[in-house]
Amino acid sequence: MNRYKKSCFASFWPFRFAKARTSYSAQNWRVLIVLFAICGSHSLFAQNKIEFADKTYEPQIKTVLLYSGLGNSRENLRPAVVPLQQQSLVLEFDDLQENSSDYYVKLIHCNYDWTKSTLMDLDFLESFNENRILDYAYSINTHTRYVHYHFQVPPVKLPGNYLLVAYRNDPSDLILSKRMMVYQNQVSFSRDNQFAGTGTLQQGKQPFNFDIEYSNLEILNPMETVHVTIRQNQRWDNVKTNVQPNFIRENTQQLEYRFFDTENQFNGGNEFRFVDFRSLLAPGQNTGKINRTVKPYELYVAIDKDRSNEAYSQYLDLNGNYLIENLDFGEPALTGNYLYVNFLLKSAELPREDVYVVGSFNGFQRDAESKMSYNGAGYYELRQFLKQGLYNYQYEVGTRGNSTTSFEGNHFETENFYEIFVYQRPFRPNADLLVGYFQLPINPR
């Protein structure tokens, strides 16, 4: 039973079991009708409209991770992309409540552009499309109590894009959605460095050209049935979709992608900023101060400054990702503390522009929760409730005027991680299948 409905029914308990009365008065019946109407409205407001994106729908759901779990160290840094023959996707998240809840997971097959496909559940699944999350544990000696959930995603029969949806009682009672991809390589990939567009390096671009060879597939009209997506650092906010080939070599069954202009080229950006609070006893690099007199603790990141005019500086980062670890004691998934993390950016106020703190921890979303406020003392500031770990982040500016690299700078030397997804729509099934997946590190260390 929906928790909103349960509370409503409890409120009119005396009316249902008033044994001393043989009948209700007209006024009592009117009260019952009003209560039923309130219950109905609560049920309506409890429903969340699904978004085909990475999203949490309730504020108590935190630290949502979906990754290829092979039992290696730091496995949650890997993208949620697996081969059809070796599916090993793992979902983890925290629920900031003292008691566990009944949560379920379902999968939705999507086209290359993340719209719902026409496939039925049994077209891509072996069993029913509803799986209860049975693996959960309670936090241990933490300032904020939570329940940690762990779920092994069931295998699918077809390659493609999938939206994983977790919900409470029915699919309309959503708590989170995450994108995942399953591929079956039926095309080959080769990079062409002959014409890399070196002239754009001065603009901080990272150009690369490549070829797709499809001799193992029967493709009649590749311009309409083949779609290529390019992603940088597992980000969805700046992804390039439906990238078209410049040349089609039908005699060799080859698609050539040559990026002569900058439209489909990515900015190199800069190495991500980071803050290390894997230990709360001895906080690591780029932590300013920590207030332990309050619980949850309050942590202040070392004051950041504008680095747009600085020369490129090389150092290792997580490509915008974050790592949940606890160097003090215990299993980080259960002993990691949540604390308030305060970001401070020293800058003059930008007129008519919004400034955001973004990273994988918030899906690189420039929204109300990631928007900074200007405090009048020469700083932008933002307070976030984060779990103990090592976090990458950067400052981005809204697109109404300034570039998103206004505070970070833009360098072609930056190390970035690219993924290339190749989709094809066959006659059967009439849906986009992921027939090629290739990783392309630029400036690897």
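Residues are numbered from 1 along each chain as its sequence is written, and side-chain values use heavy atoms, with hydrogens and water left out. Because the model is predicted, local features need pLDDT of at least 70 and side-chain atom pairs count only at pLDDT 80 or more, while totals for chains, interfaces and linings use all residues.

Across the whole structure, 30 aromatic pairs are found. Rings of Phe, Tyr and Trp (its six-membered ring) pair if their centres lie within 6.5 Å, with planes under 30 degrees apart counted as stacked, over 60 as edge-to-face and the rest as tilted. The pair W114 and W236 is edge-to-face, because the ring centres are 5.5 Å apart and the planes stand at 85°. This pair links distant parts of the chain, 122 residues apart: W114 is in the loop between β5 (104-110) and α4 (121-124), and W236 is in the loop between β14 (226-232) and β15 (240-243). Elements are DSSP runs numbered from the N terminus, helices being H or I of at least four residues and strands E of at least two. W114 counts as buried at 9% relative accessibility, and W236 counts as buried at 17%. Here buried means under 20% relative accessible area, exposed over 50% and partly exposed in between (1.4 Å probe, protein chains only).

The pair F277 and Y391 is stacked, because the ring centres are 5.3 Å apart and the planes are at 5°. F277 lies in the loop between β19 (273-276) and β20 (287-291) and Y391 in strand β28 (residues 389-397), so the pair ties together parts that are 114 residues apart in sequence. F277 is buried at 0% relative accessibility, and Y391 is buried with a relative accessible area of 2%. Elsewhere, ring pairs join F189, F208, F210, Y257, F259, F266, Y418 and F438 into a cluster.

A charge is taken to sit over a ring if NZ of Lys or CZ of Arg is within 6 Å of the ring centre and within 35 degrees of the ring normal. The charged end of R231 sits over the ring of W236, 4.6 Å from the ring centre. For R383 the ring is that of Y340, with the charged end 3.7 Å from the centre.

V153 is located in the loop between β8 (147-152) and β9 (160-167). V153 is buried, with a relative accessible area of 6%. Apart from neighbours within four places in sequence, V153 is in contact (heavy atoms within 4.5 Å) with L66, L89, V90, L107, L164 and M180. The C-alpha atoms of V153 and L164 are separated by 8.7 Å, the two residues being eleven residues apart along the chain.

The loop between β7 (135-138) and β8 (147-152) holds T144, as well as N141. T144 counts as buried at 15% relative accessibility, whereas N141 is exposed at 66%. Phi of N141 is near 55°, a positive value in a residue other than glycine. Residues up to four places away in sequence aside, T144 touches S139, P296, N337, Y338 and F385. P296 is joined to K295 by a cis peptide bond with omega of about 0°, and P296 lies in the loop between β20 and β21 (298-301). The peptide bond from R428 to P429 is also cis, with omega near -10°; P429 is in the loop between β29 (416-424) and β30 (433-442).

Grid points are joined across faces, edges and corners, and a volume is the space filled by probe spheres set on the points. The second largest pocket has about 380 Å³ of space. Among its 22 lining residues, Q232, R235, N238, N267 and T404 are the closest to the pocket centre. The largest cavity has a volume of about 30 Å³ and is lined by V187, I212, Y214, L217, I219, V226, L255, V422, Q424 and V435.

Key: 1 Å grid on protein atoms, 1.4 Å probe; cavity = no way out; pocket = protein on both sides within 12 Å on 5 of 7 lines; lining within 4 Å.
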